[in-house]
Every structure is written in C-alpha cells, then in structure tokens.
Amino acid sequence: MAQKRRSKGPGPAQGEDAAADEDSAPTQGAGQVQRSLERLSPAQVDQKVSELVQYLLVKDQKKIPIKRADILKNVIKDYKSVYSEIIKRAGRNLQQVFGMQLVEIDAKNHIYILVSNLPRLEGENLKQDDCTAKLGLLTVILSFLFMKGNAAKESAVWEMLRRLRVDPGVRHEVFGDVKKLVTEEFVRQKYLEYNRIPHTDPPEFEFQWGARAARETSKMQILRFVAKIQSKDPKAWSTQYNEAAAEEAAVGGLSQDTSTPGDTGGPSQGARRRNW
C-alpha cells in the first residue's frame with residue numbers, strides 16, 4: 001500500500017496543481033509573522049496593503065466575489081509569509097476609510113465580499129454602487145465633524161486623514177487629489193461647508209456639515225456608523241447621542257405637524273427638509 005501511494009507522486013493531481021499553489025497562504029503563528037515582517041520595510045508592507053485595498057475596491061465595483069487564490073496570485077505574490085497581517089491591515093483600512101467590511105462568505109473555498117457599513121444617503125450625488133470609495137471618505141469626515149462638536153479646523157481634518165493613510169498632500173490611488181475632492185467637490189455638492197475662521201491671521205479654515213449632508217443622512221445614522229466601527233453602543237457618547245436623539249424627535253414632531261388629516265405615513269422628505 002505504501003508503494004502505491006508513492007506511485008501517485010508527491011503533489012496533488014495534475015488538474016489541481018495551479019489552484020493549490022495559488023491558494024497556499026501559509027498558516028503561521030504570530031511569532032512567525034512578526035519575524036517575517038521584520039525582514040521587510042514598513043514601506044513595502046504599506047504598499048502591499050494599499051495594493052490590496054485598491055484591488056478589493058475594484059472587484060467590489062463589479063460586485064464579484066473575491067477569491068483568496070486571486071488575492072494571492074494578483075496582489076500578495078511573494079509576500080505570502082505576511083498574508084495574514086496584510087489582509088488584517090487592509091480590512092482595517094477598508095473599514096476606517098471606506099466604511100466597508102471584508103467578509104468571508106465561504107470558509108471552505110475562502111471567498112470574500114465587501115459589505116457596506118455606511119449610513120444610507122438619500123440623494124443622487126453619491127450612490128453607493130457608483131461611488132462607494134468617495135462615499136466612505138465623506139462619511140468618515142462627517143463622522144469626525146459630528147464627534148468634534150459639528151465643526152473642525154481644516155488642519156485637524158487633514159491630520160485625521162493622515163492617520164488613516166490618506167494624505168491630502170499626496171495623490172491617492174483611489175481618490176486622486178484628496179484636497180481638491182474634499183475642499184472643492186464635496187463643498188460644491190453641498191456635503192461640506194468650508195469657511196474661514198474669523199479673525200485668524202494667517203487665515204485658518206474649518207469644515208462643517210453642508211446642507212445636502214443634513215438632508216440626506218442624520219446625526220443618529222452617523223453615530224451608529226461610528227459605534228459599529230468601534231464596536232460600542234451609541235450611548236457611550238452621551239453628548240452626541242442626546243443631540244442625535246433630539247434631532248430625531250424634532251424631525252418626527254415636525255412631520256406630525258405638517259401632515260394632512262388622515263395621513264398615516266411616516267416622516268415625509270419634504271417635512272425633513274423644512275426642518276433643516
């Protein structure tokens with residue numbers, strides 16, 4: 001029997017060779033991964049993380065399930081020894097910057113999809129299917145502004161984005177010119193306001209929510225998004241929660257005031273707009 005096993009050859013059957021090689025991400029302990037990371041420069045690892053994020057976003061635009069074998073073949077390549085760290089960092093980046101979660105839907109065949117954690121925007125300017133990346137960046141900025149008391153200095157917004165590896169001074173592989181996108185496109189679309197702070201010399205600017213953002217989402221939706229990202233209860237931020245709850249109550253009350261007799265529908269979009 002032992003002789004028969006050897007006669008089959010040391011590897012998998014001919015038709016399975018390529019698939020096995022492509023999907024062979026080595027299972028390593030934390031110590032082994034750390035030693036492998038130490039042999040690479042931080043820039044090398046960051047580049048692979050960026051490549052993987054971009055690859056996953058492109059695949060998601062077509063709504064195609066993503067195979068681990070394809071990730072290894074097309075992106076990871078010679079970095080298989082640190083695969084677990086690269087995909088972990090990519091997943092964190094996707095969640096923090098784009099509001100997307102990398103989910104394994106088939107554990108046997110290692111197939112992934114991206115699931116949006118973004119709050120729903122009701123307008124037409126940034127549909128999730130068409131502009132998921134931009135919508136993610138916008139939501140991160142709106143979240144930051146709300147959590148900072150509804151306004152933040154430009155410098156604080158740029159510093160927050162840099163911590164997420166989105167540098168406004170460097171062309172981004174997904175967003176392009178980040179500073180232009182934020183200060184011009186988002187402002188022109190009325191998602192953000194960008195105003196000079198009075199009596200500042202040299203001039204300083206700050207961001208606030210724009211009129212369109214106030215109509216297409218809500219503070220409670222944004223707070224729930226933040227809570228989901230940080231795995232906390234929205235009530236953990238009592239000041240923001242109370243503000244968001246008061247907004248919801250005001251919108252609901254206005255809807256009742258403006259509804260016609262016998263109208264049993266929910267809050268109308270028109271009523272909400274008048275509230276803002």
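1. A contact here means that heavy atoms lie within 4.5 Å of each other. Among the contacts in this chain that join residues at least 6 apart in sequence, 58% join residues at least 24 apart. The model is predicted, and for that reason local features need a pLDDT of at least 70 and side-chain atom pairs count only at pLDDT 80 or more, while totals for chains, interfaces and linings use all residues. Residues are numbered from 1 along each chain as its sequence is written, and side-chain values use heavy atoms, with hydrogens and water left out.

2. The secondary structure of the chain comes to 13 helices and 6 strands, where helices (H or I, at least four residues) and strands (E, at least two) are DSSP runs numbered from the N terminus. Of the 276 residues in the chain, 38% are buried; buried means under 20% relative accessible area, exposed means over 50%, and partly exposed lies in between, with a 1.4 Å probe and protein chains only. The chain exposes about 15800 Å², and carbon and sulfur atoms supply 48% of that area, as computed by the Shrake-Rupley method with a 1.4 Å probe, where for residues only the protein chains shown count as cover.

3. An open sheet of 3 strands runs in the order S4-S6-S5, with antiparallel pairing; two strands pair if DSSP finds at least two bridges between them. Strand S4 (151-153) and strand S5 (192-196) stand at the edges with a single partner strand each, so one side of each has no neighbour in the sheet. Neighbouring strands of this sheet are turned by 25 degrees against each other on average, direction ignored.

4. Strand S5 and strand S6 (residues 205-209) pair in the antiparallel sense over 5 bridges, and Glu193 has Gln208 in S6 as its bridge partner. Helix H8 (residues 154-163) packs on the sheet and touches S4, S5 and S6, its direction making about 85 degrees with that of S4. For such angles, axes are lines fitted to C-alpha atoms, for helices over the stretch in contact, and the values run from 0 to 180 degrees between N-to-C directions.

5. Side chains of opposite charge can pair when their charged atoms come close. The structure holds 11 salt bridges, each being a side-chain nitrogen of Lys or Arg within 4 Å of a carboxyl oxygen of Asp or Glu. One of them joins Glu204 and Lys153 (3.2 Å, N to O). This pair links distant parts of the chain, since Glu204 lies in the loop between S5 and S6 and Lys153 lies in strand S4, 51 residues apart. Glu204 is partly exposed at 32% relative accessibility, and Lys153 is partly exposed at 42%.

6. Two further salt bridges lie within helices, among them that of Glu85 and Arg89 (2.8 Å, N to O), residues of helix H6 (residues 83-98) that are 4 apart, about one turn of the helix. Glu85 is buried, with a relative accessible area of 13%, whereas Arg89 is partly exposed at 23%. The side chains of Glu216 and Arg212 also meet in a salt bridge (3.3 Å, N to O), and these residues of helix H10 (residues 211-216) are 4 apart, or about one helical turn. Glu216 is buried at 6% relative accessible area, while Arg212 is partly exposed at 28%. Salt bridges that share partners join Asp46, Glu85, Lys88, Arg89 and Arg165 into one network.
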